[in-house]
Amino acid sequence: MGERVRAFAPGRVNLIGDHTDYAGGLALPMAIQLGTTVEGHRTDAAAGIRLTSADQPDPVVLPVDVADPAAVAPPWGRYVAGVVHELRPVHGFEGAVTSTLPIGSGLSSSASLELAVALALGFAGSPRELAELGQRAEQVASGVPCGIMDQLASACGEAGRALLVDFTTMAVEPVPVPDHIEIVVVHSGQPRELAGSAYGERRASCEAAAALIGPLHDATLEDAESIADPRLAARARHVVTENARVRAFAAALTAGDLAAAGAAMYESHASLAVDFEVSTPVLDALVERLRATPGVHGARLTGAGFGGCVVALTDPGALREGWVVHASAGARLGD
Ligand code: GLA
């Protein structure tokens, strides 16, 4: 029997900066304490990959030269197959997957599965290369042209720090999260819908806008508003203003100015709802309910939208619902 291996990769929550990563903009995600563990041993390549999951009835059984990850059954195996397809491991692997991420939570369970599998199967490279591999795996597995935020946050996480990411330069700057606040993720109860097709459409709009006014990373509000097509102008306006809000939020967090940080979160939600049209009435109502709750400084949808979760910045103990998350270390082998 081969070497025993244990790999862990965290989920993530994005504090601010959504639908900016694939447009070369800014975001402020953080890895969290919850994530996915892959444990097992390496085998001969000829034995292939065999993984069971504590949360899924059917195991994943694949050859190391899997050809079409998107066609793999059961569906959770597509993410494993995506990693195998991109990594081309020289060993087989037999083991088990366990997760502390609440199922369907929108806390990037797929990115954390991808990175934990890649490390377990022998990936050797930098955290950024790990994230790039995970992003490619996600794209071939799901067919969704996702950005790299989720995988980058999981790969590069740091205890006590969120990550200010510039997706044009790929610079990652740690931003300390103050001790005297709580970050709470609340599920809207609405499963994410339309995520695939609408996501691709939003990404294409950002690319069309950039073809007209140049990279959205450097565009101004005036540039965005010079676009004749009102829908395209609104998409570009979201990215341009969201980039500014990410910087404002990071500065406010560093200064301990919770009112300013919270205001940026509410503005981000409004921009995602009105200009980018990725919110839903259920998410809007949840943000409004949280806004009216004492001790809540800010709240916004987090991630792709179309359902899923809201993230809130609160005084400790202000909310009696959701998951309190802590900025945590990134994907790693051995614990
Ligand atoms: C999903 C994608 C990310 C990012 C967010 C929206 O989580 O996987 O790359 O685009 O949506 O910010």
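This section describes the domain arrangement and the ligand site of a predicted model.

The protein is divided into two domains, with domain 1 covering residues 4-175 and domain 2 covering residues 178-325. Their centres, taken over C-alpha atoms, are separated by 24 Å. To the contact between them, domain 1 contributes 33 residues and domain 2 contributes 38 residues.

The ligand lies between the two domains, because domain 1 and domain 2 both give residues to the shell around it. The space that the ligand takes is the largest pocket. In total, 13 residues surround the ligand, and the closest of these are Asp18, His19, Asp21, Asp150 and Tyr199. Classified by residue type, the shell consists of six nonpolar, three polar and four charged residues.

In the case of Arg12, an N or O atom of the side chain is 3.3 Å from an oxygen atom of the ligand. Taken alone, the ligand exposes 310 Å², of which the protein buries 93%.

In summary, the ligand takes the space of the largest pocket and lies between domain 1 and domain 2, since both give residues to its shell.

Key:
Residues are numbered from 1 along each chain as its sequence is written. This is a predicted model: local features need pLDDT of at least 70, side-chain atom pairs count only at pLDDT 80 or more; totals for chains, interfaces and linings use all residues. Side-chain values use heavy atoms; hydrogens and water are left out. A residue is near a molecule or strand if one of its heavy atoms lies within 4 Å of it. A polar contact is a pair of N or O atoms within 3.5 Å; within protein, one must be able to donate a hydrogen and the other to accept it, and residues adjacent in sequence count only if both atoms are side-chain atoms. Accessible areas come from the Shrake-Rupley method with a 1.4 Å probe; for residues, only the protein chains shown count as cover. On a 1 Å grid over the protein atoms alone, a cavity is a set of points where a 1.4 Å probe fits but cannot get out, and a pocket is an open set with protein on both sides within 12 Å along at least five of seven lines; lining residues have an atom within 4 Å of a point. A molecule sits in a cavity or pocket if more than half of its atoms lie within 2 Å of its grid points. Ala, Val, Leu, Ile, Met, Phe, Trp, Tyr, Cys and Pro count as nonpolar, Asp, Glu, Lys and Arg as charged, and the others, Gly among them, as polar. Domain bounds come from an automatic or database domain assignment. Contact means heavy atoms within 4.5 Å.
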